[in-house]
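I opened this notebook to record what I looked up on helix packing and sheet order.

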Amino acid sequence: MRHAIQVAQRGAGNTAENPAVGCVIVDQSGKLIATGHTAAGGRPHAETQALIMAGEGAKGATAYVTLEPCAHHGKTSPCAGQLVEAGLSRVVIAATDPDPRVSGKGIEILRAGGIETTVGVLAERVEFQLRGFFSRIIRGRPHVLLKLAVSSDGKIAKAPGQQTAITGPEFYSRTHLLRARADAILVGAGTVRADNPSLTCRLPGMAHLSPKKIVVGGDDVLALPKRALQFPGHVDFEEVLQDLGDQGINMLLVEGGAKVAKSLLEADLVDEFVLATAPHSIGFQGVDALAGLPLTEITDSKRFVQKGRETLGVDVISHYLREKRMS
């Protein structure tokens with residue numbers, strides 16, 4: 001299952017509204033004979049890919065799947081039925097699918113087809129990996145990951161509207177990896193006017209994983225990045241997130257600016273927070289990271305739990321996750 005989770009990651013940020021699932025198949029001797037992950041755009045599904053690779057070797061084999069195989073007819077036949085038809089003897093599933101079209105029905109199909117089915121192996125890891133999908137299905141909105149790069153004194157720029165390099169090249173690369181794994185990236189109109197960001201993934205060979213661009217506030221459509229979606233004027237972030245959920249956005253990366261970050265925090269809509277702190281200070285004239293809201297709103301808040309801390313180049317990266325909730 002750990003290998004299936006690694007395989008699933010290959011599709012992260014590139015499967016449209018569908019979850020990025022991984023599937024591996026091992027024969028009766030325990031030899032790995034096939035792997036598959038959700039393809040670009042969401043189809044074919046991971047199980048279909050793995051079964052094609054396994055061929056006749058699937059008979060009597062065991063499949064490890066990160067998410068419950070689908071049970072409904074869409075553009076393709078149900079994966080649960082495909083596994084039964086392939087003649088597998090056992091299927092091991094990490095997490096059940098919260099989608100009401102599936103939820104438990106895929107497992108029923110497998111067991112009714114005579115396949116020994118085990119559920120719940122490394123479920124928590126998969127639920128975290130698919131947290132965007134789970135959020136959209138259960139809450140109707142994407143999982144919101146807020147990313148901030150700040151100076152040691154909590155500033156994001158030397159002055160309003162002035163583009164300022166805060167962190168080193170290592171975190172720059174990490175930022176583009178976050179973009180590659182997100183379905184959409186959101187910034188405020190002020191950030192667009194000040195920085196004219198491309199909002200793309202610029203890691204070598206990964207440009208095709210660039211997220212959709214979302215700009216909130218402002219009315220100057222001429223300032224928008226190419227092919228960006230704008231929510232102009234005064235923004236109700238709950239409505240924006242519901243709209244994005246309706247569009248199939250699972251994971252939303254928020255990169256600024258300060259007012260956007262503050263608004264989302266005050267509306268209690270941030271699910272995850274990545275904070276990069278540089279070793280140098282900017283001074284009192286700099287722009288506060290959260291537009292006057294203290295960073296302790298996250299770092300010392302009972303709403304968030306620190307899940308990790310690392311040194312990346314000269315910067316310190318802290319990772320916070322909202323206490324588990326799906327409401």
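Which residues in H3 meet which residues in H4? I found that Ala-80, Gly-81, Leu-83 and Val-84 in H3 meet Gly-106, Ile-109 and Leu-110 in H4, where contact means heavy atoms within 4.5 Å. The residues of this contact divide into five nonpolar, two polar and no charged; Gly counts as polar here, Ala, Val, Leu and Ile as nonpolar.

I noted the provenance: this is a predicted model, in which local features need pLDDT of at least 70, side-chain atom pairs count only at pLDDT 80 or more, and totals for chains, interfaces and linings use all residues. Residues are numbered from 1 along each chain as its sequence is written, and side-chain values use heavy atoms, with hydrogens and water left out.

I then looked up the geometry. The axes of H3 (residues 79-86) and H4 (residues 105-112) come within 9 Å and cross at roughly 15°. That makes H3 roughly parallel to H4 (angles under 35 degrees).

Next I checked burial (under 20% relative accessible area, 1.4 Å probe, protein chains only). Six of the eight residues of H3 are buried, so H3 is largely enclosed by the rest of the structure. The cover of these buried residues includes H2 (46-54), S3 (62-67), S4 (90-95) and H4. Just after H3, Gly-87 takes a positive phi of about 85°.

Last, I traced the sheet. Five strands form an open, mixed sheet in the order S2-S1-S3-S4-S5, pairing requiring at least two DSSP bridges. S2 (32-37) and S5 (116-119) stand at the edges, each with a single partner strand, so one side of each is left without a neighbour in the sheet.

Notes: Axes fitted to C-alpha atoms, helices over the stretch in contact; angles between N-to-C directions. Helix = DSSP H or I, 4+ residues; strand = E, 2+ residues; numbered from the N terminus. Parallel < 35°, antiparallel > 145°, perpendicular 65-115°, else oblique. Buried < 20%, exposed > 50% of the residue type's maximum accessible area, 1.4 Å probe, protein only.
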